[in-house]
Amino acid sequence: MGRFIEGCDRRQQRFLPDCVDDYVAQDSPVRVVDVFVDELNMAALGFADAAATGRPGYHPATLLKLYIYGYLNQVQSSRRLEREAGRNVEVMWLTGKLAPDFKTVADFRREHGAAIQAACRRFVMVCRNLGLIAGGTVAVDGSRMRAVNARDRNFTPVTIRRRMEQVDASIERYLGMLDTADRQEGEAADLRTARLTTRLDELRRQMRELETMEQAVAASPDRQISLTDPDARAMASAGTGTGQVGYNLQAAVDTGSHITVAHEIINLSHDRTSLASMGRQAREATGSGTLTVLADRGYFSGPEVLACEAAGIVPILPKPLTSGAKADGRFGKQDFVYQAGSDTYRCPAGETMTKRFASLEHGMTLHGYATPACRSRCTVKASCTASIERRIKRWEHEEVIDAMQARLDRMPNAMRIRRRTVEHVFGTLKDWMGRSHFKTRRLKNVGTEIGLHILAYNIKRAIALVGVPGLIAAMQA
Ligand code: SF4
């Protein structure tokens with residue numbers, strides 16, 4: 001044998017260090033978890049106090065430490081946490097060798113959703129006190145996360161119609177095969193007929209179930225039913241066949257430290273109604289007087305931008321490019337210049353378009369602008385409109401959109417900063433979750449899970465910024 005590093009003899013006495021503390025490195029994140037939870041005022045955050053009677057239960061601090069450790073180390077299931085508590089030296093160190101059973105662990109997460117979210121917010125406060133969160137600018141984005149609900153167990157009018165067409169086509173095919181089998185004789189033909197009849201009965205049963213489901217979906221408030229997790233919703237995706245049933249995680253991430261300062265889980269498949277809400281939460285978490293919020297065009301909504309402005313939040317996001325005229329090769333709205341002084345538009349032919357009418361669309365008052373020149377003397381009309389005249393609509397609060405566009409023009413790298421800030425968070429969280437889905441069902445419970453994920457992410461981020469000793473010292477100060 002050559003020279004190799006040799007291990008110890010497993011039968012020798014004192015094979016392992018005397019003290020369990022010796023197993024845990026001084027810069028191990030588990031020490032941060034320990035100090036963070038010990039410094040929390042558990043009762044004020046809403047964790048249950050000890051029962052006055054009966055057998056004593058586990059202290060909520062023990063179970064919270066166990067969960068935070070689990071989410072830091074990609075162990076999110078209660079059964080796996082139970083196993084880790086019995087074999088993982090860091091967990092033994094953390095919990096004082098307590099090993100609660102998986103049901104106790106799962107019940108704690110289910111019953112303490114609000115308190116766990118409060119602990120997550122408390123860690124953001126720790127980062128703020130440490131000076132990690134500059135607070136001037138956050139990037140907001142949403143990401144679809146898979147629910148425990150399979151796609152086959154989610155029903156919308158479109159999916160039901162598609163499945164009915166598939167079942168119809170199968171029934172037609174089997175009826176044709178049955179006709180063929182009926183024209184043949186012999187034992188094999190009889191067997192085939194019996195098999196086809198059974199299959200046809202099964203398909204007709206499926207069709208009846210789909211018809212019943214169609215009525216239930218039509219009667220549901222948002223025309224959608226998920227059987228396994230009733231709160232999960234179909235999340236559209238740009239790629240064909242890549243849609244999933246799940247939730248939409250909204251996150252606001254500080255552009256300086258990349259700490260996630262606010263998050264929210266919703267079951268809408270779009271981001272259009274989340275900008276102001278995320279901005280307010282982020283401003284409260286960062287304590288900023290004025291907060292700049294960077295978002296992508298999926299968040300664009302006039303009323304949301306207006307609500308941000310009213311709340312002292314400065315949104316910067318691009319407008320969606322939805323001009324049908326531009327797509328058809330004609331002048332788009334951006335080719336018409338608004339003249340604020342006279343409240344008119346100057347069209348590409350240099351004519352002045354004046355305010356003519358008002359209309360109400362989706363609760364927004366829009367003013368229409370037009371010019372008689374379209375009907376009489378325009379030489380470029382073919383490049384402008386296929387109608388008698390071109391009309392430009394302007395929202396009554398369009399000035400907030402114009403101001404936002406001006407801010408975006410002054411900050412050309414805004415979307416690059418947004419992308420590199422927030423997409424890393426989603427990438428990391430999805431990497432931690434792996435190919436898996438949420439472990440729990442219902443919006444409230446999924447919110448607790450994501451709160452633990454965000455807390456774990458923020459702890460890792462803060463450790464990367466100031467190190468374990470620095471973070472511990474700051475929490476104990
Ligand atoms: S069609 Fe009307 S709005 Fe369009 S360029 Fe001509 S005059 Fe202007």
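Guide: One definition before we look around: Ala, Val, Leu, Ile, Met, Phe, Trp, Tyr, Cys and Pro count as nonpolar, Asp, Glu, Lys and Arg as charged, and the others, Gly among them, as polar. Please also keep in mind that this is a predicted model.

Visitor: Thanks! How do the residues lining the largest pocket divide by class?
Guide: The lining has 13 nonpolar, seven polar and 11 charged residues.

Visitor: And how much space lies in that largest pocket?
Guide: About 1300 Å³. It is lined by 31 residues, and the closest to its centre are K319, T322, K333, K393 and E398.

Visitor: Which helices and strands supply at least two residues each to the lining?
Guide: Helix 11 (302-310), helix 14 (398-410) and strands 9, 12 and 13 each do.

Visitor: Over how many bridges do strands 11 and 12 pair?
Guide: Strand 11 (residues 352-361) and strand 12 (residues 364-370) pair over seven bridges, in the antiparallel sense. S359 stands opposite L366 in strand 12.

Visitor: Switching topic: where does the ligand sit?
Guide: The ligand sits in the largest cavity. That cavity holds about 100 Å³ of space. Of its 15 lining residues, C347, A349, C374, C378 and C384 are the closest to its centre.

Visitor: Which residues surround the ligand itself?
Guide: The residues around the ligand are F336, C347, A349, E351, C374, C378, V380, K381, C384 and R390. By class, this shell has seven nonpolar and three charged residues, with no polar ones.

Visitor: And what classes line the whole cavity?
Guide: The lining of the largest cavity has 11 nonpolar, one polar and three charged residues.

Visitor: How many cavities of 30 Å³ or more are there?
Guide: Two. The second largest cavity has about 30 Å³ of space. Among the residues lining the second largest cavity are Q76, M433, H437 and H453. By class, the lining there divides into two nonpolar, four polar and two charged residues.

Terms used:
Residues are numbered from 1 along each chain as its sequence is written. This is a predicted model: local features need pLDDT of at least 70, side-chain atom pairs count only at pLDDT 80 or more; totals for chains, interfaces and linings use all residues. Side-chain values use heavy atoms; hydrogens and water are left out. A residue is near a molecule or strand if one of its heavy atoms lies within 4 Å of it. On a 1 Å grid over the protein atoms alone, a cavity is a set of points where a 1.4 Å probe fits but cannot get out, and a pocket is an open set with protein on both sides within 12 Å along at least five of seven lines; lining residues have an atom within 4 Å of a point. A molecule sits in a cavity or pocket if more than half of its atoms lie within 2 Å of its grid points. Two strands pair if DSSP finds at least two bridges between them. Helices (H or I, at least four residues) and strands (E, at least two) are DSSP runs, numbered from the N terminus. Grid points are joined across faces, edges and corners, and a volume is the space filled by probe spheres set on the points.
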